Amino acid sequence: MSFLRKSVNLMGSVARRQQHLKVIGGATAARDFSSKPSDDYANFPGAKAPFVSKLNLIQPEDYAPIPIYRVMDQDGYIADESQDPQLGREVVEKMFRDMVLLNTMDKILYESQRQGRISFYMTNFGEEASHIGSAAALEMRDLIYGQYREAGVLVWRGFRIDQFIDQCYGNTDDLGRGKQMPVHYGSRELNFVTISSPLSTQMPQAVGAAYAMKLRPDNDACVVCYFGEGAASEGDAHAAFNFAATLGCPTILFCRNNGFAISTPSHEQYKGDGIAGRGPMGYGITTIRVDGTDVFAVYNAMKAAREYVLKENKPVVFEALAYRVGHHSTSDDSTAYRPAEEIEIWNSVEHPISKLKRYMVHKGWFDETVENEYVKDIRKKVLKQIAVSEKKLKPNWREMFEGVYAEMPDHLIEQRSELEKHIEAHKEHYPLKNFEK
Amino acid sequence: MNIVSAQLGNSLYNCVRSNLIWPLWTRSHFTYYPTSLGTGKRMNMFNAINNAMDLALDEDKSALLFGEDVGFGGVFRCSVNLRDKYGSQRVFNTPLCEQGIAGYVISNRKLYEMCTNINNQAEIAVCIQHFAIGVANTGATAIAEIQFADYIFPSFDQIVNEAAKYRYRSGGLFDCGSLTFRVPCGAVGHGALYHSQSPEAYFAHTPGLRVVIPRGPIKAKGLILACIRDPNPCIVFEPKTLYRAAVEEVPTEYYTSQLGKADILRHGKDVTLIGWGTQVHVLLEVAETAKSKFNIDCEVIDLVSILPWDTIAICASAKKTGRVIIAHEAPLTQGFGSELASYIQEKCFLHLEAPVKRVAGWDTPFPHVFEPFYMPDKHRCLSAINDIVNF
């Protein structure tokens, strides 16, 4: 007992001393406290803070908003040369091509949904730089958890056009075996955990995975979890932020703040300083906010974030600000809740691809004819793949019963044979010819 | 004879112990029937669970144990001493957030292995060593505790939409089979609305999960170790009233109980009584009374596994006796008894001599002072036996 009391006293005196130093160091701090701050330092277990004798309601306005880091301006010029990531022509060209590939594929698949050829689609328009910039700063061994609008990360990692389109068709070459809706991609090979529809559920999962990684000897991989600003309102987001901080998990919580959750604008989503504002004061997490239309800003910030989480075994909250140029999904018409002119600005001057293009022009790395050829080539490839993928058979319908458990339990075997008998007797009512035998 | 004296000892011990704490709420609605008096060590259920987790953490160096207040030993003492033994990186407290715990636990072994696949040979070797656990099965990665079953609902989304569907939706690319939830459940005499619930039926409606409920220390240890090894996400609902009340001679070595299999605890030819958890002990006592008072031979079955459940054992017994009573603490409507009753009706129709009878909690929230009137106690079960025999 006495030992405990002694150590508490000791801690108290250390805290008081530290507090004293802080007050001397910072003018703002000194203004808030009385002349003898060292005696006023509180010893509550719940928070370490000084006492004040004047009532003061802390207002959100007392805090300046977290600034937005950017490297490249609208016209594609690097504002501060020290921030130039000095990426070689080859890397920049890959960034550009991957963004264009994603953009082109999106346009065609969106159209093909409109024509009723696939059941559903979600484009990535306007957010290509967040995907490519962040993915480029990571290592392949880093594990990705996504929401659904991160296809660019897969593009960067080498997910092929046929793999994207096969998933959308749920055919026999779909890695997910035709079980989920389109755009719910996943790849073990590329360390990209299969997407699921429930929002934010991946967040605490990513934190748990990061904890497991931390325990590996000489760990040099982190976990990146992407989510939208709407998803950040879910309880699971709170769980993830708090668990990541308290349990010390090397994970980058990457928020794509694109201004809208379907029709809900971000000012109806939260009143604080975006998602970044929750990081440092709210959860005690190191935080970065960047211009998500600037691929170099995202790249630099991700590099720094990755280094930090691995060195410190702590999380980072990463907010990339952009604009959702496309509709939420093929089931949404966004002009019902926002002006077309606004969309147009973000689709031209402020578009991440246009910005990178301007940068490349300045560098003399851009060639109009080469780009046109490239887009044409991608279009051809995507269209051809659609034709191929839609003709492929779907997996055998019996697979519906597989993977529920590691091994099929008796009741599922029984239900499968019940359906087998039924189909045998009523073949004509089922689309059997589209499915593998 | 041994069993009877052990029971007597137990109830005396319980009486004395609980009298010290809650004089008003001493009378428990059941008498504990130990499974056997084996050659192990005398343990109550929380000791046995502690022992199981100790073995699991020792065997699989990747295994983690976490939840609210797990670090200092848990509010039911199940994880006592484990943090000291295995370190605060492997046995730790989480923030107070069930959906967080559930989400956190889903990060799984396969992912972990996957991430190591990319790395160099030496690291793979370390990891294989790290994970090698004798059997070719998946083994343990995470054991999560939800403090009370009543508080599992915030994590319902993570369990039902995520954990249960992980393997299926990814076409087998990913799974979270190495997770096990431990969840104290059931009536405890004075738990009222939020410390008494039995939510097994909510989860029984979820393909992809395993749900099991032990009836005592020996079973609890075996089921927990089996669930940890099982390549599917598992929930172990532990009747918390048994943590101290149930004492058995539990083998100290590693063993597992078979999942998906019911235990026939007493053979009989007249009526089949099906229950799980604490209710099994109520039914065993009822069976004894039925025999001595009315000469009715009851077969008592502990269902053990709620999902997937042992259809074969249940139907065999129903066909033999022709009369079935199912008893559970959870409310009647849409309780798991409904599933059993309809299945038995469908598969054993020609063998049934009377309608399948369900004795359950009432369709009300679990009350505080009215608990003695709420429970499907021995008197209600006994009167159901009389009804069904005289149908």
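## Interface of chain A and chain B

In this predicted model, 53 residues of chain A make contact with 53 residues of chain B. The area buried between the two chains is about 4300 Å², with 62% of it on carbon and sulfur atoms. On the chain A side, the residues that lose the most area to chain B are A:Arg188, A:Phe243 and A:Tyr405, and together they account for 18% of what that side buries.

One salt bridge is found across the interface of chain A and chain B. A:Glu414 and B:Lys347 form a salt bridge through their side chains, with an N to O distance of 3.1 Å. Polar contacts across the interface of chain A and chain B amount to 18 residue pairs, both residues being at pLDDT 80 or more.

## Elements on the chain A side

Five elements of chain A are listed here with their residue ranges: β1 (143-145), β2 (192-193), α7 (202-214), α8 (235-247) and α14 (410-425) each give two or more residues to the side that touches chain B. The largest share comes from α7(A), with nine residues. By class, the side of chain A that touches chain B holds 24 nonpolar residues, 15 polar residues and 14 charged residues.

## Chain B as a whole

Chain B contains 16 helices and 14 strands. It has 391 residues, of which 60% count as buried. Among contacts in chain B between residues at least 6 apart in sequence, 83% join residues that are at least 24 apart.

## Between the two domains of chain B

Domain 1 and domain 2 of chain B bury about 2000 Å² between them, and 59% of this lies on carbon and sulfur atoms. Three salt bridges are counted between the two domains. In chain B, a salt bridge also joins B:Asp263 to B:Lys219, where the closest N and O atoms are 2.7 Å apart. The count of residue pairs in polar contact between domain 1 and domain 2 of chain B is eleven, with both residues at pLDDT 80 or more.

## B:Asn51

B:Asn51 sits in helix α2 of chain B, which covers residues 45-59. Its relative accessible area is 15%, so B:Asn51 counts as buried, the cut-off being under 20%. The side chain of B:Asn51 makes a polar contact of 2.6 Å with the side chain of B:Lys221. With neighbours within four places in sequence left aside, B:Asn51 is in contact with B:Met43, B:Lys221, B:Pro251 and B:Thr252.

## A:Arg289

A:Arg289 belongs to strand β7 of chain A, residues 286-291. This residue counts as buried because its relative accessibility is 8%. Two polar partners can be listed for the side chain of A:Arg289. A polar atom of that side chain lies 2.8 Å from the backbone oxygen of A:Ile66, and a polar contact of 2.7 Å joins the side chains of A:Arg289 and A:Glu319.

Not counting residues up to four places away in sequence, A:Arg289 touches a set of residues that includes A:Ile66, A:Pro67, A:Ile68 and A:Tyr69. A:Asp273, A:Gly274, A:Ile275, A:Ala276 and A:Gly277 are also among the residues touched by A:Arg289, as are A:Glu319 and A:Leu321.

## B:Leu179

B:Leu179 is part of strand β5 of chain B, which spans residues 179-185. With a relative accessible area of 1%, B:Leu179 is buried. Leaving out residues up to four places away in sequence, B:Leu179 touches B:Val105, B:Ile106, B:Ala142, B:Ala163, B:Asn232, B:Pro233 and B:Cys234. B:Glu238 is 59 residues from B:Leu179 along the chain, and the C-alpha atoms of the two are 16 Å apart.

How values were computed:
Residues numbered from 1 in each chain as written. Chains lettered and ligands numbered in written order. Predicted model: local features only at pLDDT ≥ 70, side-chain atom pairs only at ≥ 80, totals over all residues. Heavy atoms only, no water. Contact = heavy atoms within 4.5 Å. Buried area = accessible area lost by both parts, 1.4 Å probe. Salt bridge = Lys/Arg side-chain N within 4 Å of Asp/Glu carboxyl O. Polar contact = N/O pair within 3.5 Å; in protein donor to acceptor, adjacent residues only side chain to side chain. Helix = DSSP H or I, 4+ residues; strand = E, 2+ residues; numbered from the N terminus. Nonpolar A, V, L, I, M, F, W, Y, C, P; charged D, E, K, R; others polar. Buried < 20%, exposed > 50% of the residue type's maximum accessible area, 1.4 Å probe, protein only.
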